[in-house]
Amino acid sequence: MVALLLSAFAMTVIVGVRYLLTSGGFALWTARRFPQRLAGQRAQVRREIGWSLASAAIYGVPAGVVAWGWQQRGWTRIYTGAQDFPLWWLPLSILAFLLAHDTWFYWTHRWMHRPKPFRIAHAVHHASKPPTAWAAMSFHPWEALTGAVVIPLLVLVIPIHFAALGVVLAVMTVMGVTNHMGWEMFPRGLVHGEIGQWLITASHHELHHQRYRCNYGLYFRFWDRLCGTDAGLGKFAPAGAVRTGRHVTGRGDGAALGAECEPDGQRRGTP
């Protein structure tokens, strides 16, 4: 039991430090490139960090339990030998994890935009207006719980090399942070090219934070495109736009949704 508790505590610390270093690094980069982006957002950033560190514990506990189970009980499908599975499975396992995580995220995220779950939990994340790099894990505990169980469950059923799992976690962390930092770090040719039609980057997720009922995905635009919730790319809202009463809505460069969105996460004219 002591080893299990220590594992959960260690993973909580790791998740928290990873968040502080990654979000802090991208926030510093943002401040240097766009000094006005974080202007006047000190109170919001403090709130984002507070919620995020609470989320770190919620993410860390199941991760610690699974890490203990892997090492002490052999619960997981994580493997360490390069020859345990064919080499072609290494990149395929990464893609499988990302696709499964993206599917889970899309549908739970979309569900959280229903009025009751939004008021109870998801409104915490959308209180960041506009979001910053610190908002990547700024979740109500109930929402954090829905995200914390995904990777621990996947390693129980899908074989993955521990290094490939590290790649998955790195992609998850970087995409979660950069999608909220308020500017596009990827080349314009990628974002607006053929590849960008299927990948989610900051300008795609920015529109979600402005219009609420669109662009729900995490890594890929597949589910958004399939379900008609892809509204294209947004324009970045200037810092303080909401606080000063200026409503900024990205027009998007894809198919527009049929209705504008209310701040409570509902479309006009819908119950």
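What follows is a tour of a predicted model, from the overall fold to a few spots inside.

**The whole chain**

Start with a cartoon view of everything. You'll find 10 helices and 2 strands. Follow the chain from the N terminus and the elements come in the order α-α-β-α-α-α-α-β-α-α-α-α. The protein has 271 residues, of which 48% count as buried. Take the contacts between residues at least 6 apart in sequence: 72% of them join residues at least 24 apart.

**A serine in helix H3**

Now select Ser93, which sits in helix H3. Is Ser93 buried or exposed? With a relative accessibility of 0%, Ser93 counts as buried. Leaving aside residues up to four places away in sequence, Ser93 touches Pro159, Ile160 and Ala164.

**Aromatic pairs**

Next, show the side chains of the aromatic residues. The whole structure holds 14 aromatic pairs. Pick out Tyr106 and Trp223: their ring centres are 6.3 Å apart and their planes meet at 25°, so this pair is stacked, the cut-off being under 30 degrees. Tyr106 belongs to helix H3 (residues 89–112) and Trp223 to helix H10 (residues 222–227), so you're looking at a link between distant parts of the chain, 117 residues apart. Both residues are buried.

For a second pair, go to Phe118 and Tyr212. This one is tilted, with 5.8 Å from centre to centre and 55° between the planes. Phe118 is in helix H4 (residues 115–126), while Tyr212 is in the loop between helix H9 (202–211) and H10, so the pair ties together parts that are 94 residues apart in sequence. Phe118 counts as buried at 5% relative accessibility, and Tyr212 is buried too, with a relative accessible area of 6%.

Then hop over to Trp198, where Arg225 lies over the face of the ring, 4.1 Å from the ring centre.

**The largest pocket**

Time to look at open space. The largest pocket contains about 470 Å³. H2 gives the most, with 6 residues. Colour the lining by class and you'll get 18 nonpolar, 2 polar and 1 charged residues.

**The cavity**

A search of the whole structure turns up 1 cavity of 30 Å³ or more, and the largest cavity has a volume of about 480 Å³. To find it, select Tyr59, Phe105, Ala136, Phe139 and Leu218, which lie nearest its centre among the 30 lining residues. At least two lining residues come from each of H1, H3, H4, H5 and H7. H3 supplies the largest share, 6 residues. By class, the lining of the largest cavity has 14 nonpolar, 14 polar and 2 charged residues.

Notes. Residues numbered from 1 in each chain as written. Predicted model: local features only at pLDDT ≥ 70, side-chain atom pairs only at ≥ 80, totals over all residues. Heavy atoms only, no water. Phe/Tyr/Trp six-rings, centres within 6.5 Å; stacked < 30°, edge-to-face > 60°. Helix = DSSP H or I, 4+ residues; strand = E, 2+ residues; numbered from the N terminus. Buried < 20%, exposed > 50% of the residue type's maximum accessible area, 1.4 Å probe, protein only. Lys NZ or Arg CZ within 6 Å of the ring centre and 35° of its normal. 1 Å grid on protein atoms, 1.4 Å probe; cavity = no way out; pocket = protein on both sides within 12 Å on 5 of 7 lines; lining within 4 Å. Points joined across faces, edges and corners; volume = space filled by probe spheres on them. Nonpolar A, V, L, I, M, F, W, Y, C, P; charged D, E, K, R; others polar. Contact = heavy atoms within 4.5 Å.
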